[in-house]
Amino acid sequence: MNTMSLSLANTLISRAIEKAEELGVNVCIAVTDNGAHLKTFTRMDNAFLGSVDVAISKARTSTLFPLPSGTFGELIREEKLTGMDMSNGGLIGFPGGLPVAAEGVQLGAIGISGASAEQDNAIAEYAVAGVNL
């Protein structure tokens, strides 16, 4: 496998929903393929409308720069890369986006938005940790 399959994307979505429900939050969940194109998306009932674009941008960020979106944000701040978040159609520099890889090959990423940054990140980590890659 060298890109995000629909089956894997749906598994990531299911696991993210499971964790969000456990935390009692409603979030938007985006999964991108290795070209940073949206593979699948879910907006839980009552999740913020503004979180739609944020979740997609977190997933795109972690696809285009294969690291957690929060780490990307830290890099921008530390290196004073002003405007970097405005490149590539808008990137996100706070937690909730994680790359998804198997055997060293980037398959895509997941992005979560709608709860606190810590909860978004915990949901993404749970989703990715639970899949067999």
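**View 1. Lys 19 in helix H1 of a predicted model.** Lys 19 is found in helix H1, where helices (H or I, at least four residues) and strands (E, at least two) are DSSP runs numbered from the N terminus. With a relative accessible area of 15%, Lys 19 is buried; buried means under 20% relative accessible area, exposed over 50% and partly exposed in between, with a 1.4 Å probe and protein chains only. Leaving aside its neighbours within four places in sequence, Lys 19 is in contact with Ala 122, Ile 123 and Tyr 126, contact meaning heavy atoms within 4.5 Å. The model is predicted, and local features need pLDDT of at least 70, side-chain atom pairs count only at pLDDT 80 or more, and totals for chains, interfaces and linings use all residues. Residues are numbered from 1 along each chain as its sequence is written, and side-chain values use heavy atoms, with hydrogens and water left out.

**View 2. Arg 15 and the ring of Tyr 126.** Arg 15 lies over the face of Tyr 126, at 4.0 Å from the ring centre; a charge sits over a ring if NZ of Lys or CZ of Arg is within 6 Å of the ring centre and within 35 degrees of the ring normal.

**View 3. The four-stranded sheet.** An open sheet of four strands has the order S2-S1-S4-S3, with antiparallel pairing, and two strands are taken to pair if DSSP finds at least two bridges between them. Strand S2 (38–43) and S3 stand at the edges with a single partner strand each, so one side of each is left without a neighbour in the sheet. S1 and S4 run antiparallel and are joined by six bridges, and Asp 33 stands opposite Gly 108 in S4. S3 and S4 likewise pair in the antiparallel sense over six bridges, with Leu 98 opposite Ile 110 in S4. In the hairpin of S3 and S4, which has two residues between the strands, Glu 103 takes a positive phi near 50°.

**View 4. The largest nonpolar core.** This core has 23 residues, and those with the most contacts inside it are Met 4, Leu 12, Val 27, Ile 110 and Ile 112; a nonpolar core is a set of buried Ala, Val, Leu, Ile, Met, Phe, Trp, Tyr and Cys residues joined through side-chain atoms within 4.5 Å. Helix H1 (6–23), strand S1 (28–33), strand S3 (97–102), strand S4 (105–113) and helix H4 (117–129) each supply at least two of its residues, and the largest share, six residues, comes from H1.

**View 5. Met 4, in the segment before H1.** Met 4 lies in the segment before H1 and is buried, with a relative accessible area of 1%. Its C-alpha atom and that of Lys 39, 35 residues apart along the chain, are separated by 7.6 Å. Leaving aside neighbours within four places in sequence, the residues in contact with Met 4 include Leu 12, Val 31, Val 100 and Leu 107.

**View 6. The rings of Phe 65 and Phe 72.** One aromatic pair is counted, under the rule that rings of Phe, Tyr and Trp (its six-membered ring) pair if their centres lie within 6.5 Å, with planes under 30 degrees apart counted as stacked, over 60 as edge-to-face and the rest as tilted. The centres of the Phe 65 and Phe 72 rings are 5.0 Å apart and their planes stand at 35°, so the pair is tilted. Phe 65 is partly exposed, with a relative accessible area of 23%, whereas Phe 72 counts as buried at 2% relative accessibility.
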